[in-house]
Amino acid sequence: MELKERIIELYESGKADYGQADRELFGDFIAALNEGRIRAAEKTGDDWTVNAWVKQGILLGFRMGVLAEMPWSGQKSFFDKDTLTERQFSLTERIRLVPGGTSVRSGCYIASGVAVMPPAFINIGAWVDSGTLVDSHALVGSCAQIGKDVHLSAGAMIGGVLEPINSRPVIVEDGAFIGGNSGLYEGVLIRSRAVIASGTIITGSTPVFDAVRGDFLARPSGQPVCIPENAVVVPGSRPLGDRTGFGIYCPVIIKYRDAKTDLSVILEQDLRGELKG
């Protein structure tokens, strides 16, 4: 039986007591996540498909784990489910992990060439592709999918989406720039090379006004908002419409990416370039 079928069967069994074989199955599942052989969501053509069974497998770890004391990078202990350990890396993985308080949970894929500045946290189920920079105080939440050559600036919050299991996680496609102290939550999809300015908050149901096209972004029924490719989004406001003079928060697409934008968000090549021995 394939890993997928075994995870679904165990999840749907509803059992309360888990044996050694169940824990070994979960260990195989975590290894597959770490190695990038499976992921919580994947792109097919222009669409993203949620792999609900992967979320089921992660939730199994919460079910079967027991609270335990575990060492954290040889320093003081932490206390968590014994199935949710901290991930350990080796030099052969070619990941730049700077010391100073960063923690990565086992069960997430971190590609070669990723740089993580302290302190940052990457949660279980996350996918962080090559060339991406995760800056200080950034969060990559559970099952969030981060593409290639993305810049997550200091304090950027990429929310996690574990439940409902069929819900799309937050996705940031290749080449996007996420500004400092910004927040993306509830399954927001940021298409490739989009720029999210510092301080912008976008949830799944946030109305986003496209000032270039003169209208709000269309949002399919029941689907979180999608920021178009190359869009440049800044914090803004819109009137309440009751003539009180008050406004309500509203992110605004002020333009679509051009050469001037590229210059303003480019990373130093020495920081982002190939990691050499």
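Start with the cysteines: how many disulfides are there? Taking a disulfide as a pair of cysteine sulfur atoms within 2.5 Å, the count is zero. This is a predicted model, where local features need pLDDT of at least 70 and side-chain atom pairs count only at pLDDT 80 or more, while totals for chains, interfaces and linings use all residues. Residues are numbered from 1 along each chain as its sequence is written, and side-chain values use heavy atoms, with hydrogens and water left out.

Cys-108 is buried, at 0% relative accessibility (buried is under 20% relative accessible area, exposed over 50%, partly exposed in between, with a 1.4 Å probe and protein chains only). Now click Cys-143, which is buried at 0% too.

Next, select residues 3–13, which make up helix 1 (helices are DSSP runs of H or I, at least four residues, and strands are runs of E, at least two, numbered from the N terminus). Color Leu-3, Ile-7, Leu-10 and Tyr-11, the buried residues here. Why do they sit on the same side of helix 1? Because they cover an arc of only 100 degrees around the axis, going by the directions from the helix axis to the C-beta atoms.

Now show helix 2 (20–34) and helix 3 (52–64): those buried residues pack against both, with contact meaning heavy atoms within 4.5 Å. Turn to the other side of helix 1 and you'll find Glu-9 and Glu-12 exposed.

Last stop: Gly-14, which follows helix 1 and has a positive phi, near 70 degrees.
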